[in-house]
Amino acid sequence: MNPSMQKGLKLTVAGLALAGILLPGAWAMGDKPAAPHVAVAQAPASKQITLAVDNMTCGTCPITVRKSLERLPGVSSVKTSLEPPEAVVVYNPARVSVEQLMNATKEAGYPSKPKG
């Protein structure tokens, strides 16, 4: 490695150490290393609901119900079944409501309500 590359490497290592990336807390005084102060945005908690779905009579029905729910913003996953006739939906309540989920299945021809 030539002297120019060595100098660049030393500067990079020093910069990373100063930024607390390479050696976090290495310059802290006392017994404990300094804790990095990083603001972390927390994602809203997802919820899961099981909807009892009416009018599902054939193998295509659960597919239609699944697609109607997947179109909604805030729905992250949908699992549907013919027997029992239901849809298990994982969704973000900050973006979509249970009423909107039920309305989506109703508009597709399959009225639904929360199970349990």
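Which helix does Ser 68 lie in? Ser 68 sits in helix H2, and the views below start from there. This is a predicted model, with residues numbered from 1 along each chain as its sequence is written. Local features need pLDDT of at least 70, side-chain atom pairs count only at pLDDT 80 or more, totals for chains, interfaces and linings use all residues, and side-chain values use heavy atoms, with hydrogens and water left out.

**View 1. Ser 68 in helix H2.** Helices here are DSSP runs of H or I with at least four residues, strands are runs of E with at least two, and both are numbered from the N terminus. At 7% relative accessibility, Ser 68 counts as buried (buried is under 20% relative accessible area, exposed over 50%, partly exposed in between, with a 1.4 Å probe and protein chains only). Setting aside neighbours within four places in sequence, Ser 68 is in contact with Ala 104, Thr 105 and Ala 108 (contact means heavy atoms within 4.5 Å).

**View 2. Pro 62, also in helix H2.** Pro 62 is buried too, with a relative accessible area of 8%. Apart from neighbours within four places in sequence, Pro 62 is in contact with Met 56, Thr 80, Ser 81 and Leu 82. Have a look at Lys 79 as well: the C-alpha atoms of Pro 62 and Lys 79 are separated by 8.6 Å, with the two residues 17 residues apart along the chain.

**View 3. Strand S3 and its two partners, S1 and S2.** S1 (residues 47–53) runs antiparallel to S3 (residues 86–91), with 6 bridges; strands pair if DSSP finds at least two bridges between them. S2 and S3 make a hairpin, with 4 residues between them.

**View 4. The largest nonpolar core, with 18 residues.** A nonpolar core is a set of buried Ala, Val, Leu, Ile, Met, Phe, Trp, Tyr and Cys residues joined through side-chain atoms within 4.5 Å. Leu 69, Val 75, Val 89, Tyr 91 and Leu 101 have the most contacts inside this core. S1, H2, S2, S3 and helix H3 (98–107) each give two or more residues to the core. Leaving out neighbours within four places in sequence, Tyr 91 touches residues including Ile 49, Val 75, Val 98 and Leu 101.

View 5. Glu 70 is partly exposed at 39% relative accessibility, and Arg 66 is partly exposed at 26%.

**View 6. The salt bridge between Lys 115 and Glu 86.** Here the closest N and O atoms are 2.5 Å apart. Lys 115 lies in the segment after strand S4 (112–114) and Glu 86 in S3, so the pair ties together parts that are 29 residues apart in sequence. Lys 115 is partly exposed at 44%, whereas Glu 86 counts as buried at 15%.

Terms used: Salt bridge = Lys/Arg side-chain N within 4 Å of Asp/Glu carboxyl O.
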